[in-house]
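Opening the notebook on a new model today.

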Amino acid sequence: MRALDRLVASSYGLNIADQIALVAVPIVAATAFGAGASTIGLLVACQSMAHLVGSLPFGVLVDRIQPRSAVLASAVLSLAGFAAAALAIAAGAILPFAGAIALAGLGIVLYGLASLSILPRIVTQAELAGANAAISLPRSVASLAVPLALGLALDRTGAAAVFWAAAACALSALVLTVRLPVFALRPMQREALILRLAKGAGFVLRHPMLLPITFCAVFWNFAFSMLVVLAVPVITQGHGGEATLFAGAMAAFGLASVAGIFVAGRIANRIAPRMVLMFGPGSSVVAAGMLLALPQGDPGPLLLAAFFVLGFGPSMWLVTQNTVRQLVTPAHMLGRVNAVIQTAIYGTRPLGALAGGAVGTAVGPQAGLIVVALLFALSFAVVLASRLTTVADYGALALAEERA
């Protein structure tokens, strides 16, 4: 297998395992441990906090060590975490279960940062956009397929068996990545952790493309997190629909993400990147307008269409901006730069969820939806006002950065 094929296959293994945990943790907490809402919230927070706790130090680590070693370490962490979670369920021990899923989450975070740093080393510049699409597709496929399969699996097998399945997926990723090549590393001087992080953050803040990418992603994720909180009240209270419509909407979102990433990989070298960079947040504004126009009594068809649009364009944007980030960032800084941007994005999500609840309670879910639409519009405005609208060709972009 080529190095890219191994990396993509391992991405399927770890993303399926991660999605199993994301879906199963709340269910297992309630059924296996008899946990209440507050305890379930804490367990879910153990997973999401992995991104906030691990991204920055792992970003520095990825820049300092052999990338192959970082990928192997991520698979080992995930395997250990999922296996420990299964053992904790069998023992009825909720605190070790919480620690185990946090450990597995740290492995997923490390894998994401390490794989983005490896891609530019194993493919040519012309192949980079397609490679980014290939390695992004597993997460979307897993987010669509795993919830459907897990609903059946939890009915037929024990909770521990589900996490053993996640451990098996992580093990497959470990086996696949063992034979990744060893890469040449640039000699680096020893620096304090905070100084290395400051250099990564400073590079992002000064760069005319990385800064708008970051702000666009922050505004978009804040808006989407608010929308997830407000969606059910909007459907039920504002338009007389059934709460279960939200499940269908998220399925439409997942299907659109798969389609968008697939299309992005096919058109990467046939369309100017600036078109996709504008289309992603621009289509989100269109989707927000559709949500504001939901009809009374039968919001289902337009709701599904809006969430499909919301998944399709932004998933294409994700692939394209990953490629831009990799081309404009020096190889020895990729880990830190990706970590800074990822921390900003994942740090925004819980804030957006809190804001959605506060705004929905204070002024009503429909008014909160207007705030969501304004935030999507702001993410689009950031792109329109930036140099991202000038990215006509990946090759020219890479050449410009080399000259700089």
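This is a predicted model: local features need pLDDT of at least 70, side-chain atom pairs count only at pLDDT 80 or more; totals for chains, interfaces and linings use all residues.

Below are my entries, one topic at a time.

Residues are numbered from 1 along each chain as its sequence is written, and side-chain values use heavy atoms, with hydrogens and water left out.

**Salt bridges.** I looked up the charge pairs and got three salt bridges (a side-chain nitrogen of Lys or Arg within 4 Å of a carboxyl oxygen of Asp or Glu). For burial I used relative accessible area: under 20% is buried, over 50% is exposed, and partly exposed is in between (1.4 Å probe, protein chains only).

I took D5 and R2 to begin with; their side chains meet at 3.3 Å, N to O. D5 counts as partly exposed because its relative accessibility is 32%.

Next I checked R139 and D18, whose salt bridge has an N to O distance of 2.8 Å. Helices here are DSSP runs of H or I, at least four residues, numbered from the N terminus. R139 is partly exposed at 33%, whereas D18 is buried at 10%.

Then I went to D63 and R336, where the closest N and O atoms are 2.7 Å apart.

**Surface patch.** Which residues form a nonpolar patch on the surface? I found M49, L52 and V53, with about 240 Å² of accessible area together. The patch rule takes residues with over 30% relative accessible area and no salt bridge, joining nonpolar side chains (Val, Leu, Ile, Met, Phe, Trp, Tyr) within 5 Å and like charges within 9 Å. V53 belongs to helix α2, which spans residues 37–64.

**A serine in a loop.** I found S386 in the loop between α13 (365–384) and α14 (394–403). With a relative accessible area of 13%, S386 is buried. A polar atom of the S386 side chain lies 2.8 Å from the backbone oxygen of V383.

**Cavities.** How many cavities of 30 Å³ or more are there? I get two. A cavity is a set of points on a 1 Å grid over the protein atoms alone where a 1.4 Å probe fits but cannot get out, and lining residues have an atom within 4 Å of a point. The largest cavity has a volume of about 70 Å³. Its lining includes A129, I267, M316 and Y394. I noted that α9 (245–267), α10 (273–292) and α11 (300–328) each supply at least two lining residues, and the largest share, three residues, comes from α11.

**C-alpha distances.** M290 is in helix α10 and counts as buried at 17%. I put its C-alpha 8.2 Å from that of A305, 15 residues apart along the chain. A91, in helix α3 (residues 67–91), is exposed at 60%. The C-alpha atoms of A91 and A160 are separated by 9.8 Å, with the two residues 69 apart along the chain.

Methods: Accessible areas come from the Shrake-Rupley method with a 1.4 Å probe; for residues, only the protein chains shown count as cover. A polar contact is a pair of N or O atoms within 3.5 Å; within protein, one must be able to donate a hydrogen and the other to accept it, and residues adjacent in sequence count only if both atoms are side-chain atoms. On a 1 Å grid over the protein atoms alone, a cavity is a set of points where a 1.4 Å probe fits but cannot get out, and a pocket is an open set with protein on both sides within 12 Å along at least five of seven lines; lining residues have an atom within 4 Å of a point. Grid points are joined across faces, edges and corners, and a volume is the space filled by probe spheres set on the points.
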